[in-house]
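Please examine the chain shown here.

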Amino acid sequence: MGKLHGLIRKMSKFFDRVAGWGIIAIMLLIVVNVLMRTLIGQSILGAYEHVGFLSALVIGWSLAYCAIEEGHIKVEFLMAKFPERIQGFINIIINITTVGFLSVAFWQLIEHAESIRISGQVSPTTQFPFYPFIYMIAVGVVVLCLVNFTQVMQS
């Protein structure tokens with residue numbers, strides 16, 4: 001179990017690093033776009049679309065590492081009043097529910113990406129296809145699901 005947890009931790013950390021580079025790319029894209037518009041009166045074609053695509057990727061790929069580091073907001077004032085055994089039981093129930101929800105979300109994202117791929121739907125300005133980003137978000141969701149699964153096993 002330790003090896004699986006270590007592998008998932010490394011994978012989620014890799015995705016988080018890619019997400020960090022995505023934030024840098026968004027920042028550079030916006031700054032360059034504003035400078036170009038101010039200095040030469042032209043902007044980057046589809047900058048708004050690219051920022052949207054990259055933002056979705058950043059969010060999807062950073063969730064798993066945030067969960068490992070317990071960076072998500074938790075409401076613990078009620079849980080702290082319960083004995084440790086009951087807290088552990090509630091955490092197991094929450095994590096099992098989360099694994100179920102994320103499994104369904106992953107499955108729905110894959111189906112949605114496939115339907116968009118088949119329909120040939122693209123972004124309006126740059127004509128860039130949507131489906132690769134939906135698949136990438138699905139990968140981030142499945143890694144988050146694996147994180148929650150290992151947390152259930154550790155509990």
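The sections below move from the overall fold to individual residues.

## Basis of the model

The model is predicted, and local features require pLDDT of at least 70, side-chain atom pairs count only at pLDDT 80 or more, and totals for chains, interfaces and linings use all residues. Residues are numbered from 1 along each chain as its sequence is written, and side-chain values use heavy atoms, with hydrogens and water left out.

## Overall fold

The chain has four helices and zero strands, in the order α-α-α-α from the N terminus. Helices (H or I, at least four residues) and strands (E, at least two) are DSSP runs, numbered from the N terminus.

The C-alpha trace spans about 65 × 35 × 30 Å along its principal axes. The radius of gyration of the chain is 19 Å, whereas a compact globule of 155 residues would have one near 15 Å; the radius is taken over C-alpha atoms, and the globule rule is 2.2 Å times the number of residues to the power 0.38. Among contacts (heavy atoms within 4.5 Å) with a separation of 6 or more, 71% join residues 24 or more positions apart.

Of the 155 residues, 26% count as buried; buried means under 20% relative accessible area, exposed over 50%, and partly exposed in between (1.4 Å probe, protein chains only). A nonpolar core is a set of buried Ala, Val, Leu, Ile, Met, Phe, Trp, Tyr and Cys residues joined through side-chain atoms within 4.5 Å.

The largest such core has 19 residues, and Trp61, Ala64, Leu102, Leu144 and Val147 have the most contacts inside it. Helices α1, α2 (47-68), α3 (84-119) and α4 (131-154) each supply at least two of its residues, with α2 giving the most, seven residues. Beyond neighbours within four places in sequence, Trp61 contacts Phe15, Asp16, Val18, Ala19, Met136, Ile137, Val139 and Gly140.

## Surface

The chain exposes about 10,200 Å², of which carbon and sulfur atoms supply 70%; accessible areas come from the Shrake-Rupley method with a 1.4 Å probe, and for residues only the protein chains shown count as cover. A nonpolar surface patch with about 870 Å² of accessible area together is formed by Trp21, Ile24, Met27, Leu28, Val31, Leu35, Leu39 and Ile40. Patches are made of residues with over 30% relative accessible area and no salt bridge, like charges being joined within 9 Å and nonpolar side chains (Val, Leu, Ile, Met, Phe, Trp, Tyr) within 5 Å. Met27 belongs to helix α1 (residues 2-39).

Asn33 is also found in α1 but is buried, with a relative accessible area of 8%. Not counting residues up to four places away in sequence, Asn33 touches Gln42, Ser43, Ile44 and Ala47. Phe82, in the loop between α2 and α3, is partly exposed at 34%.

## Salt bridges

The structure holds two salt bridges, each defined by a side-chain nitrogen of Lys or Arg within 4 Å of a carboxyl oxygen of Asp or Glu. Glu69 and Arg9 meet in one of them (2.9 Å, N to O). Glu69 lies in the loop between α2 and α3 and Arg9 in helix α1, so this pair ties together parts that are 60 residues apart in sequence. Glu69 is partly exposed at 41% relative accessible area, as is Arg9 at 33%.

Glu114 and Arg117 also form a salt bridge (2.4 Å, N to O). Both lie in helix α3, three residues apart, about one turn of the helix. Glu114 is partly exposed, with a relative accessible area of 27%, and Arg117 is partly exposed, with 39%.
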